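Here is a short briefing on one chain. Keep the structure open while reading.

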Amino acid sequence: PILGKDATISHLVPPVLLLLRDATSEVRLNIISSLSALNEVIGVDLLSQSLLPAILDLAEDGKWRIRLAIIQHIPLLAKQL
């Protein structure tokens, strides 16, 4: 990791959480595709506290592409747990 855990948590996690709720589906899809890399840096504890609720919300997204992306990335995230 270039930034390290503490800098990633303080500088990247809040914008990622905002972008996971962006109105544009392409933005949400791009963030979803990079969640496993982010999880490698921040660890399981922070993932379960902050990102997991957002991921669960996206699993019920109105756009089918978002739901599909979540389904495709759940195994990668589960391996890291």
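Which residues does Val16 touch, not counting residues up to four places away in sequence? They are Ile31, Leu35, Leu38 and Leu51. The model is predicted. The points below cover its core, its helices, its salt bridges and its surface.

**Nonpolar core**
- The largest nonpolar core holds 19 residues. Within this core, Val16, Leu20, Ile32, Leu35, Leu51 and Ile55 touch the most other members.
- At least two residues of this core come from each of α2 (13–19), α3 (25–33), α4 (35–42), α5 (44–58) and α6 (64–80).
- The most is given by α5, with 6 residues.
- Val16 and Leu35 are both among the residues with the most core contacts, and the two touch each other. Val16 also touches Leu51, another residue of that group.

**Helix α4**
- Buried residues in α4 are Leu35, Ser36, Leu38, Asn39 and Ile42.
- They lie on the same side of α4, because they cover an arc of only 155° around the axis.
- An α-helix has 3.6 residues a turn, so residues three or four places apart point the same way.
- Gly43 follows α4, and its phi is positive, near 90°.

- Thr8 sits in helix α1. Its relative accessibility is 4%, so Thr8 counts as buried.
- Beyond its neighbours within four places in sequence, Thr8 contacts Leu3, Val13, Leu38, Val41 and Ile42.
- Ser25 belongs to helix α3. Ser25 is buried too, with a relative accessible area of 12%.
- Not counting residues up to four places away in sequence, Ser25 touches Lys63, Arg65 and Ile66.

**Salt bridges**
- How many salt bridges are there? The count comes to 3.
- Side chains of opposite charge can pair when their charged atoms come close.
- Arg21 and Asp57 form one of them, at 3.5 Å from N to O. This pair links distant parts of the chain, 36 residues apart: Arg21 is in the loop between α2 and α3, and Asp57 is in helix α5.
- Arg21 is exposed, at 53% relative accessible area. Asp57 is partly exposed, at 48%.
- Glu26 pairs with Arg65, and their closest N and O atoms are 3.8 Å apart. Here too the pair links distant parts of the chain, with Glu26 in helix α3 and Arg65 in helix α6, 39 residues apart.
- Glu26 is partly exposed at 42% relative accessibility. Arg65 is partly exposed at 38%. Arg65 is also one of the contacts of Ser25.
- Arg28 and Asp61 meet in a salt bridge at 3.2 Å, N to O. Arg28 is in helix α3 and Asp61 is in the loop between α5 and α6, so the pair ties together parts 33 residues apart in sequence.
- Are Arg28 and Asp61 buried or exposed? Both are buried.

**Nonpolar surface patch**
- Ile2, Leu3 and Leu12 make a nonpolar surface patch of about 340 Å².
- Ile2 comes in the segment before α1 (5–11). Ile2 is exposed, with a relative accessible area of 87%.
- Leu3, a member of this patch, is also in contact with the buried Thr8.

Conventions. Residues are numbered from 1 along each chain as its sequence is written. This is a predicted model: local features need pLDDT of at least 70, side-chain atom pairs count only at pLDDT 80 or more; totals for chains, interfaces and linings use all residues. Side-chain values use heavy atoms; hydrogens and water are left out. Patches are made of residues with over 30% relative accessible area and no salt bridge: like charges are joined within 9 Å, nonpolar side chains (Val, Leu, Ile, Met, Phe, Trp, Tyr) within 5 Å. Accessible areas come from the Shrake-Rupley method with a 1.4 Å probe; for residues, only the protein chains shown count as cover. A salt bridge is a side-chain nitrogen of Lys or Arg within 4 Å of a carboxyl oxygen of Asp or Glu. Helices (H or I, at least four residues) and strands (E, at least two) are DSSP runs, numbered from the N terminus. Buried means under 20% relative accessible area, exposed over 50%, partly exposed in between (1.4 Å probe, protein chains only). A nonpolar core is a set of buried Ala, Val, Leu, Ile, Met, Phe, Trp, Tyr and Cys residues joined through side-chain atoms within 4.5 Å. Contact means heavy atoms within 4.5 Å. The arc is that of the directions from the helix axis to the C-beta atoms.
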